[in-house]
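User: Hi, I'm new to reading protein models. Could you walk me through this one?

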Amino acid sequence: MIKHLFKLVWNRRRANFLMIMAIFFSFLVLFGTISVLVSSWKNYKQPLGFEPERIWYVNIQHFQTPKDEVRVVSEQLVRRLQTLPEIEQVALASGNSAYSGWSNMSGLTHGNLQRGINAVTIQAGDFKKTMNLNLVEGRWFQAGDEFSNKKPIVVTQNVKEFFFGNEPVAGKKLKSGDDEFTVIGVVDAYRTRGELNSDVGTFMRISSLADTSRLVENTLYLRMKPGITSGFEEKLLKEAGAVATGWKLDVKPMEVMRSSYLKENLTPLVVFAIICAFLILNVALGIFGVLWYNINKRYSEIGLRRALGATANQIYRQFLGEILVLATLGLVLGSFFAIQFVLLDVMGMQPEVYYYALAISIVVIYLLVIVCAFQPSRQAAAIHPAIALHEE
């Protein structure tokens, strides 16, 4: 039966070629779209490490202020903001947070293992309480760590697992160039690229504003008390301006930044999904057209087969089988190119994402052709042999 179906498809190869190509291209677009969706969904399900609600992100521009004065004024500014009753916690740290669009990658090594990790530098205030980070192992920074020769760092759980597996991590060493860090603690997560992007891990280090070998970080993180609205921004700028005269502060609630981030990252997904839906619709219409054409073109053949004893169910399975053979040929060709995505890591995703996308795309295409072929095949099966032969 299967051999006969392939023979029928081969005999009409010119007529079926465009349909196979339509299924092939639709499969590739569907595979790419589902790969991105699966990857984004897997990333979204991973813990972010903090809640953006009640966090305000303040970018500071020092302009031409001398460096020594920047260090003094930054410390005064943090202390001043900590006294405001509307603010729960304050921290001064590097600006590479989630939704900021900034990145600060450092290569860490341990033995033969090497990985690019987000580096966050904390210079003042309590970053752990401000971001409400969850410490799962070891300890957080304490007074004096900023001057320690051991260069203590806190890493996220995925960094620990990559370098040390399930071993206790306190006291372990990680290198970055000529610097050697000592791991003192682990937080469950702190993602600096947002929930839709992959998490490469983060390590946090601490430095002093008095350390002239390092630049002063220019981002304040404020944890606001519950119920504080954007109306507080005017008072915040006034209080900050009294200390940091001539500086410019750009205040953004992280929830607003998150909304912009999601809009920016979801828009391409929606566009791809629309294009994919359009192609699938074309394939569906094409399948309908091919089947209707075949039925009308092969009216006498159907009548003759029925007259020779073929049942309606056999006619139905023949037409359904032919369209499944067409789909299989398109999918085999499409799967060959899809597997290259896995082998060459074209889109920089985990292999399992490609496998999920491949399986889902194959199932979707088969379901599509079965649904589209259902009614035309039934109509072919309902042709009465006497009427068909009489019209012929």
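Predicted model: local features only at pLDDT ≥ 70, side-chain atom pairs only at ≥ 80, totals over all residues.

User: Against which elements do the buried residues of helix 3 pack?

Analyst: Let's start with who is buried there: in helix 3, that's Val70, Arg71, Val73, Ser74, Leu77, Val78 and Leu81. The partners of these buried residues include both strands and a helix. They are strand 1 (55-61), strand 2, strand 4 (113-125), strand 10 (219-224) and helix 6 (232-243).

User: How far apart are the end C-alpha atoms of helix 3, and what span should we expect?

Analyst: Helix 3 covers residues 67-82, which makes 16 residues. The expected span uses one less than the number of residues, times 1.5 Å.

User: Are the rings of Tyr99 and Tyr261 stacked, edge-to-face or tilted?

Analyst: Their centres sit 5.2 Å apart, with the planes at 55°. Stacked needs an angle under 30 degrees and edge-to-face needs one over 60.

User: How many residues apart in the chain are Tyr99 and Tyr261?

Analyst: Tyr99 belongs to the loop between strand 2 (87-93) and strand 3 (105-110), while Tyr261 is part of helix 7 (residues 254-297). Both are buried: Tyr99 has a relative accessible area of 11%, and Tyr261 has 9%. The pair links distant parts of the chain, and the separation is 162 residues.

User: What about Phe181 and Phe203: which kind of pair do they form?

Analyst: Phe181 comes from strand 8 (residues 179-187) and Phe203 from strand 9 (residues 202-206), 22 residues apart. Phe181 is buried at 5%, and Phe203 is buried at 0%. Their ring centres are 5.6 Å apart and their planes are at 45°, so this pair is tilted.

User: Which residue lies over the face of Phe162?

Analyst: Here we look for a charge sitting over a ring, where CZ of Arg has to be within 6 Å of the ring centre. Over Phe162, the distance from the ring centre is 4.8 Å. The residue is Arg115.

User: Which element gives the most residues to the lining of the largest pocket?

Analyst: This pocket holds about 710 Å³ of space. It is lined by 27 residues, and the closest to its centre are Ser39, Asn43, Asn197, Ser198 and Asp199. Helix 2 (13-45), helix 5 (157-164) and helix 7 are the elements that give two or more residues to the lining. The top contributor, with five residues, is helix 2.

User: Is Ser26 buried or exposed, and which residues is it in contact with?

Analyst: Ser26 is in helix 2. Its relative accessible area is 3%, so under the 20% cut-off Ser26 is buried. Setting aside neighbours within four places in sequence, its contacts are Leu279, Ile280 and Val283.

User: How far apart in space are Glu217 and Ala93?

Analyst: Glu217 is in the loop between strand 9 and strand 10 and counts as buried at 14%. Leaving aside neighbours within four places in sequence, Glu217 touches His62, Leu92, Ala93, Ser94, Thr121 and Gln123. Although 124 residues separate Glu217 and Ala93 in sequence, their C-alpha to C-alpha distance is 5.6 Å.

User: And how far apart in space are Ala210 and Val369?

Analyst: Ala210 is also in the loop between strand 9 and strand 10. With a relative accessible area of 58%, Ala210 is exposed. Ala210 and Val369 are 159 residues apart in sequence, and C-alpha to C-alpha the distance in space is 69 Å.

User: What is the phi of Phe63?

Analyst: Most residues other than glycine have a negative phi. Phe63, in the loop between strand 1 and helix 3, is not a glycine, yet its phi is positive. Tyr99 has a positive phi too, of about 75°. For Phe63, the value is about 55°.

Definitions and conventions: Residues numbered from 1 in each chain as written. Heavy atoms only, no water. Phe/Tyr/Trp six-rings, centres within 6.5 Å; stacked < 30°, edge-to-face > 60°. Helix = DSSP H or I, 4+ residues; strand = E, 2+ residues; numbered from the N terminus. Buried < 20%, exposed > 50% of the residue type's maximum accessible area, 1.4 Å probe, protein only. Lys NZ or Arg CZ within 6 Å of the ring centre and 35° of its normal. Contact = heavy atoms within 4.5 Å. 1 Å grid on protein atoms, 1.4 Å probe; cavity = no way out; pocket = protein on both sides within 12 Å on 5 of 7 lines; lining within 4 Å. Points joined across faces, edges and corners; volume = space filled by probe spheres on them.
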